Amino acid sequence: MKTLIVYIIMLISCLGFMSCNGQTSEKKGNTKIVGGGCDGCEIMYIGMPKEIHSEDISPGWNEKGQQLIISGTVFQRNGKTPAANVIIYYWQTDNDGYYSPKKGMDKRTERHGHIRGWVKTDALGRYTIKTIRPAPYPSQTLPAHIHLSVKEPDVANEYYTDEINFEDDQLLVPYFKKYPQENRGGSGVVKPLMKGTIQMAKHNIILGLNIPNYPKK
């Protein structure tokens, strides 16, 4: 019953957003919000550890599902200079397609489920996330994805980038025909490759790319 309630809440939330990434259009009068504002951005800071490393093992890593390692480099707006000390917050569905909460979770974070975490880029802009491959929402046309939002050390607020999607997802092409990518931070589509029993994928991010009100040239 609890899982059903979570799914209903998730579905209702999705109806109001084109890509169900939890972002809203910029509110009137908030024209200087980097990224245009988003719904639930504050959840990024709930439970955030004081010390964040460039590699994170998600709560889903040892759960049911295909193990997945996402790694990449975050670049400055020029697409060449590595960006250090950028915090990336991620959240995703479990192997059954639900943002499943766990007992003891902060109630405010339940909408993001228990598979969530943070990485901070190292001196060379690199990061690694060890997790499981998310499943698409049950009975939905939205492809499987991992949500991302970033906080730069010298930008006033966090903003979201394109979700991580998977090239081999059969739902991907039909969905993008209806809802083309925004390419916020660059394309979120990754190509997963098997290495033993683990899928590996590379995802680079360009800070500020296609981000409204981005303050840096």
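These are my notebook entries on a predicted model.

**Overall layout.** I started with the secondary structure and found two helices and twelve strands in the protein. Reading along the sequence, I wrote down the order as α-β-β-β-β-β-β-β-β-α-β-β-β-β.

**Burial and surface.** I then looked up burial: 50% of the 217 residues count as buried. The accessible surface came out at about 11,300 Å², and carbon and sulfur atoms hold 54% of that.

**Contacts.** Next I took the contacts with a separation of 6 or more, and 72% of them join residues 24 or more positions apart.

**Aromatic pairs.** I searched the whole structure for aromatic pairs and got six. One of them is Y175 with Y179, a tilted pair with 4.8 Å centre to centre and 45° between the planes.

Are the two tyrosines buried or exposed? Y175 counts as buried because its relative accessibility is 8%, under the 20% cut-off. Y179 has a relative accessible area of 31%, so I put that one down as partly exposed.

I also noted a cluster: Y89, W91 and W118 go together as one aromatic group.

**Charges over rings.** Which residue lies over the face of F166? I found R133 there, at 4.4 Å from the ring centre. I logged R184 too: its charged end sits over the ring of Y160, 3.7 Å from the centre.

Methods: Residues numbered from 1 in each chain as written. Predicted model: local features only at pLDDT ≥ 70, side-chain atom pairs only at ≥ 80, totals over all residues. Heavy atoms only, no water. Helix = DSSP H or I, 4+ residues; strand = E, 2+ residues; numbered from the N terminus. Buried < 20%, exposed > 50% of the residue type's maximum accessible area, 1.4 Å probe, protein only. Contact = heavy atoms within 4.5 Å. Areas by Shrake-Rupley, 256 points an atom, 1.4 Å probe, with all protein chains shown as cover. Phe/Tyr/Trp six-rings, centres within 6.5 Å; stacked < 30°, edge-to-face > 60°. Lys NZ or Arg CZ within 6 Å of the ring centre and 35° of its normal.
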